[in-house]
Amino acid sequence: MSGELTSQTLKQALAGLAARRFSARELAQAHLDAIAAARALNAYVLETPEQALAMAEASDARRARGEARPLDGVPLGIKDLFCTKGVRSTAGSRILGDFRPTYESTVTANLWRDGAVMLGKLNMDEFAMGSSNETSAFGPVVNPWRSRGSNRPLAPGGSSGGSAAAVAADLALGATATDTGGSIRQPASLTGTVGIKPTYGRCSRWGVVAFASSLDQAGPIAKSVEDAAILLASMSGHDPKDSTSLPVEVPDFPGFVGRSVKGLKVGVPREYRVEGMPAEIETLWAQGVEWLKDAGCEVVEVSLPHTRYALPAYYIIAPAEASSNLARYDGMRYGLRVEAPTLLDTYEATRAAGFGEEVKRRVLIGAYVLSAGYYDAYYLKAQKVRRRIADDFAAVFERVDALVTPTAPSAAFGLGETGADPVAMYLNDIFTVTVNLAGLPALSLPGGLDAQGLPLGLQLIGRSLDEGTLFQLASALEKAANFRARPEPWWRA
Amino acid sequence: MSIDAATVRKVARLARIRIEDARLEPLAAELSGILGWIEQLNEVDVEGVAPMASTEAVLLPMREDAVTDGGDAAAILANAPRAERGFFVVPKVVE
């Protein structure tokens, strides 16, 4: 029974709760047991069983009174970038130490308002800076998936590696995540899960630890397209506390799932065919195009000429914003403080001890590109290239309703494999980073397995505020792909 | 553009991060590698292009100039490394 409770989708669980086939408490307990037996994955950095059971009991009481809410009783994992009131929130960094927020992020508050249950906090790359979850102060998450016939531990992708691994291993019915350059979509691709980064401004950033404020967006990682739509509907909404939160209505996202895609026009950007891309990813991409055609879409080749400049522009803009945002970690008001003889020494010693190597690298790059004499050559230049990239998308979206591309340039890779060369790690985000610069929504869903038995993702990119069309197309692809593969539960203690 | 150890030391001082001497050269090499890769942006013609700082075309919203929050000293100090009698305790600022 317990395995059936955790292996179902969020949508199925809501039906089961409504039909009283099981209680929210039983559902939460089954997940807590699965989490306790899966510590080898290192997906959770904090388990909150008491809170989970208390929330689940409150949910059962609401349902008994006939007051059930849209997500009532659904157990979720929360990326440790979201501030949760009274519950340690670290952003995967030593510098936040034992930080316990005295407030709740808007996105998680929205989920609790709708009745969801918190299972715990999920591992992630430090301050969301990474594509393998290896920069976490808590150590890497291990991907639930393994290559056929191999015990080699694989990376789950990042930065939302804990979120993706937890959903793939049935340690939550869904998870919150964030995406600054691909941190929702790339781990979703590497773990056979569905992830969507909505339009910039769709979800409030209030209470989400800041990395690069003009790029950061929250979104869900889920087991199905419909589950992702249900979760995003709950997470979204205008929030006066975030001045970049868009004052727009939240559409009925689940209502787009299963709608006919006949007549929709989908573009295939030729610049996403990059040198050295594995043939299997090319094949899957072509297969995705066939599935869309079979479903009645018109597919055309399009051009986004500045695609290859997105990643280098990102690696100026994101570190510049990060170096400003992370200035707040000075050891004075919260988090770690390393005492030293002078104030300046205290700042320097605190930040040296509190930040990991990748965070230091990015803060230094940011400080450098913003420093006197270099600002125009780097930062201003990158902002102009960013405009070129956004204009490319604007031109293409006059002709097509959405774009289809691979999500990531490879399947899951071994832990430690890309460690030595920062640029090699950055290249993971080559297909995902463009939409962050343009602020557009994009979704990743599993399309199939490679020869090693590892999942590969397809990405759909949409117009601003048109997540609905993405859910519509994604559900057509999901039906055609019929992706049923599951990782062997080798981690179970 | 390549960065030398002296530049790393200067930037690290700006960023308020102490870097051990032994790490200066390796960091200079890593940062030079990243910046060298970024150089390809010089291929892009950006003549007459307006810099883009945000993806939102709208102006920042204005709100009523009224107090919305306050009286939360205990919550604000709750995570302080050191606090006494309702204040943050910090190292001496004036030498």
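Modeller: Chain A has 16 helices and eleven strands, where helices (H or I, at least four residues) and strands (E, at least two) are DSSP runs numbered from the N terminus. The model is a predicted one, in which local features need pLDDT of at least 70 and side-chain atom pairs count only at pLDDT 80 or more, while totals for chains, interfaces and linings use all residues. Residues are numbered from 1 along each chain as its sequence is written, and chains are lettered from A and ligands numbered from 1 in the order in which they are written.

Biologist: How compact is chain A?

Modeller: Chain A is as compact as a globular protein of its length, because its radius of gyration is 21 Å, close to the 23 Å that the globule rule gives for 493 residues. The radius is taken over C-alpha atoms, and the rule is 2.2 Å times the number of residues to the power 0.38. The C-alpha trace of chain A spans about 65 × 55 × 50 Å along its principal axes.

Biologist: And what percentage of chain A is buried?

Modeller: Buried residues make up 61% of its 493 residues. A residue is buried if 20 or more other C-beta atoms lie within 10 Å of its own, exposed if 12 or fewer, and partly exposed in between, with C-beta atoms placed from the backbone.

Biologist: What about chain B, which elements does it have?

Modeller: Chain B has three helices and two strands, in the order α-α-α-β-β along the sequence. Its radius of gyration is 23 Å, well over the 12 Å from the globule rule for 95 residues, so chain B is more spread out than a compact globule. Of those 95 residues, 18% count as buried. The C-alpha trace of chain B spans about 55 × 45 × 25 Å along its principal axes.

Biologist: Which residues of helix α1 of chain B are buried?

Modeller: In α1(B), residues 5-14, they are B:V8, B:V11 and B:A12. These residues lie on the same side of α1(B), because they cover an arc of only 100° around the axis, taken from the directions from the helix axis to the C-beta atoms. The buried residues of α1(B) pack against α12 (357-370) of chain A together with α2 (21-38) of chain B.

Biologist: What follows α1(B)?

Modeller: B:R16 does, and its phi is positive, near 55°.

Biologist: Changing topic, which residues touch the most other members of the largest nonpolar core?

Modeller: Among them are A:A43, A:L76 and A:I316, in a core of 171 residues. Such a core is a set of buried Ala, Val, Leu, Ile, Met, Phe, Trp, Tyr and Cys residues joined through C-beta atoms within 7 Å.

Biologist: And what does A:I316 touch?

Modeller: Not counting residues up to four places away in sequence, A:I316 touches A:V369, A:Y378, A:Y379, A:A382 and B:I38.

How values were computed. Contact = placed C-beta atoms within 7 Å.
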